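Me: I have a structure to go through before group meeting and would like to talk it over piece by piece. Could you put it up here first?

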Amino acid sequence: MSIPVRKYDAVIVGAGGAGLRAAIQLSEAGLKTAVLSKVFPTRSHTVAAQGGVSASLGNSEQDHWHWHMYDTVKGSDWLGDQDAIEFMCRKAPEVVVELEHFGMPFDRTDEGKIYQRPFGGHMSNFGEKPVRRACAAADRTGHAMLHALYQRNVRANTQFFVEWMALDLIRDEEGQVLGVIALEMETGEVVAFHAKATIFATGGAGRIFYSSTNAFINTGDGLGMAARAGIQLEDMEFWQFHPTGVAGAGVLITEGVRGEGGILRNSAGERFMERYAPNAKDLASRDVVSRAMVTEINEGRGCGPNKDFVLLDITHLDPATIMKRLPGIREISIQFAGIDPIKAPIPVVPTCHYQMGGIPTNYKGQVVNENGSTVAGFYAAGECACASVHGANRLGTNSLLDLLVFGKSSGDTVIEDMASGLKAHKELPANFADKTLARLARLENQQNGSNVHETRLAMQRTMQNHCGVFRFKDKLEEGVQKILEIEKQVAITEIKDKSKVWNTARVEALELDNLIEVAKATMICANARKESRGAHVRDDAPDTPEMPNGRNDKEWHKHTLWQRDGNKLSYKPVVMTPLSVETIALKTRSY
Amino acid sequence: MEREALNRLQWRCTRRALLELDLILGKFLVEEFPGLSEDEKQVFAELADMEDHDLWPMVNGTEVCKDARQAAIIAMLRKSEVRRPQ
């Protein structure tokens with residue numbers, strides 16, 4: 001069966017920061033560029049980023065890209081690739097100034113320069129003292145960035161396909177990527193986008209967890225498509241968690257609440273952080289607080305009927321202080337927990353926030369195979385990609401920087417590759433749509449199958465309970481079995497609505513097909529990595545004098561690669577050679 | 001409202017930029033929307049088309065909605081309590 005084919009020079013999937021930045025490069029170079037997005041571009045999850053974007057502009061005090069590089073390598077717990085990290089940190093001032101020229105309304109100093117503020121982990125002179133490196137537009141940095149990038153794309157005549165969902169990559173027998181197959185929600189039509197180059201900028205997959213700060217859109221579509229097309233996924237065991245998401249909802253309670261005197265308590269009302277961090281207490285670093293919370297819950301001191309959360313108490317604070325210093329927090333608690341925090345404490349749990357792993361790329365944005373060779377015609381940037389600049393843990397404000405730098409570099413690389421190898425459209429294989437159409441037909445005809453909502457919830461609960469912020473050998477092993485059982489349910493999802501036009505039930509089932517790939521990869525990679533590093537912390541790899549923080553460089557200083565076929569794992573070395581400077585040698589990560 | 005229009009509205013309510021609005025609009029659509037008048041449904045659809053950073057401060061109460069028609073729906077959204085994840 002054939003489907004309509006539309007031809008473009010390049011197709012980009014995803015219209016968040018990375019996709020829009022890549023599209024500018026391509027459209028301004030005169031390439032016919034299509035951008036597919038499940039939502040209107042300025043509804044992408046990049047909007048949720050508040051903190052800022054880092055660049056060693058040195059507007060407020062002396063700074064240097066090399067110091068930024070050091071902070072990023074250290075933040076990554078030495079799992080980040082040093083060539084990519086150098087590339088990103090060196091490019092940061094250029095892409096930030098460029099964004100300013102695109103119309104980004106950065107906060108400014110009295111002299112009119114971009115204002116820079118301090119941020120956790122940003123240091124001068126190789127970890128010596130804090131430095132002001134974060135550039136922001138009030139608390140709307142991501143929002144303002146998307147608007148600036150979108151307007152620039154409109155000017156450059158980028159062609160947007162809004163409310164389209166990409167379903168699968170098209171690859172030929174030689175493995176070259178020739179575009180994507182996509183579904184237009186408004187018509188239900190399935191169309192091939194035949195392209196010389198395909199860039200994935202599909203964002204993260206935080207919805208694999210029950211408690212997630214990610215909006216519902218983050219279903220890992222790019223990762224699912226890549227995995228089904230035989231592309232490996234890299235370092236999927238590494239997920240950043242935030243200690244205080246509202247239990248059950250995931251909505252973030254800012255760290256400012258503890259900064260203003262908020263106290264974490266267990267079911268006995270005890271201020272348990274005094275036992276885990278006698279000095280910093282509730283203001284200890286995110287990972288320390290998150291682990292303490294999980295330990296309390298695991299040891300039976302959680303709160304509520306299922307003893308599955310702890311409490312964030314601000315009842316001792318003056319209500320006027322809460323209203324003045326923490327605007328909106330009272331409303332968040334009332335709306336998402338049914339609790340007025342002036343009268344009662346807020347139920348909170350560690351909550352998934354950011355995906356460090358993804359589709360393996362080099363610093364040019366080219367997707368790479370295990371041996372370092374590139375996948376012809378295929379590029380990725382942003383949270384869906386693993387360059388790897390975040391390694392085992394992302395430094396704050398590097399997520400927006402990642403979008404700008406690798407969005408731009410992937411676009412530049414496409415232009416270079418088109419000048420050499422990718423000059424013409426390669427012919428589509430005769431059967432290119434068969435697998436996708438079979439997947440759609442299976443969903444259409446499924447009887448006595450599983451319920452999409454219930455299956456997704458089972459997956460999310462399994463990920464949260466077995467592969468959360470603090471990990472245990474037995475739970476991980478059991479989690480692998482459970483997630484493979486849930487995969488069988490995903491394979492037989494059934495939808496009652498069979499209509500073509502605006503069938504959201506179908507789209508949600510297709511999103512679940514992508515989520516389960518990411519969930520499997522995460523659980524299997526986490527079970528295999530027998531050390532603690534960055535955001536991956538195992539109970540059976542504790543902090544010892546021989547192995548500080550439980551990190552085992554001798555056996556585990558390497559990237560994980562997961563292959564969907566057979567759930568095979570392999571490993572590749574971390575790139576320790578930067579582009580122009582000396583290696584930042586391994587050492588213990590401490591702040 | 002016809003199925004197609006309702007499904008489109010559901011998508012635009014539950015694939016937002018911000019999780020907060022996914023949760024609130026999604027729940028409101030299921031629990032409150034069917035009981036609204038046609039005029040109120042229209043106003044809700046207008047709100048759902050707004051940018052998240054314009055809508056969320058009003059729903060969260062940090063900014064006041066100046067449009068009287070919209071303010072009535074915003075007040076209903078502000079009362080809605082959400083504890084159920086998707």
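**Working through the model**

Me: How many other C-beta atoms sit within 10 Å of R69(B)?
Reply: R69(B) has 14 other C-beta atoms within 10 Å, so R69(B) is partly exposed; a residue is called buried at 20 or more such atoms, exposed at 12 or fewer, and partly exposed in between, with the C-beta atoms placed from the backbone. Please keep in mind that this is a predicted model, in which local features need pLDDT of at least 70 and side-chain atom pairs count only at pLDDT 80 or more, while totals for chains, interfaces and linings use all residues. Residues are numbered from 1 along each chain as its sequence is written, and chains are lettered from A and ligands numbered from 1 in the order in which they are written.

Me: Which helix is R69(B) in, then?
Reply: R69(B) belongs to helix 5 of chain B, residues 68–79; helices (H or I, at least four residues) and strands (E, at least two) are DSSP runs numbered from the N terminus. From C-alpha to C-alpha, R69(B) lies 24 Å from L18(B), and the two are 51 residues apart in sequence.

Me: Changing topic: how many residues does each chain put into the contact?
Reply: Chain A gives 33 residues and chain B gives 27, where two residues are in contact if their C-beta atoms, placed from the backbone, lie within 7 Å. On the chain B side, helix 1 (3–14), helix 2 (19–31) and helix 4 (52–60) each supply at least two residues, and the largest share, 6 residues, comes from helix 1 of chain B.

Me: And what classes of residue are on that side of chain B?
Reply: The side of chain B that touches chain A has 11 charged, 8 polar and 8 nonpolar residues; Ala, Val, Leu, Ile, Met, Phe, Trp, Tyr, Cys and Pro count as nonpolar, Asp, Glu, Lys and Arg as charged, and the others, Gly among them, as polar.

Me: Over to chain A, how do helix 1 and helix 11 pack?
Reply: Helix 1 (residues 17–28) and helix 11 (residues 398–419) of chain A have axes 7 Å apart, at an angle of about 35 degrees; axes are lines fitted to C-alpha atoms, for helices over the stretch in contact, and angles run from 0 to 180 degrees between N-to-C directions. Helix 1 contributes residues including A18(A), A22(A) and L26(A), and helix 11 contributes residues including L403(A), F406(A) and V414(A). The residues of this contact divide into 9 nonpolar, 6 polar and 3 charged.

Me: What about N549(A), what is its phi?
Reply: Phi of N549(A) is near 65 degrees, a positive value in a residue that is not glycine, and N549(A) sits in the loop between helix 15 (504–528) and helix 16 (553–556) of chain A. With 19 C-beta neighbours inside 10 Å, N549(A) counts as partly exposed.

Me: Why is helix 15 of chain A described as largely enclosed?
Reply: Because 21 of the 25 residues of helix 15 of chain A are buried, the helix is largely enclosed by the rest of the structure.
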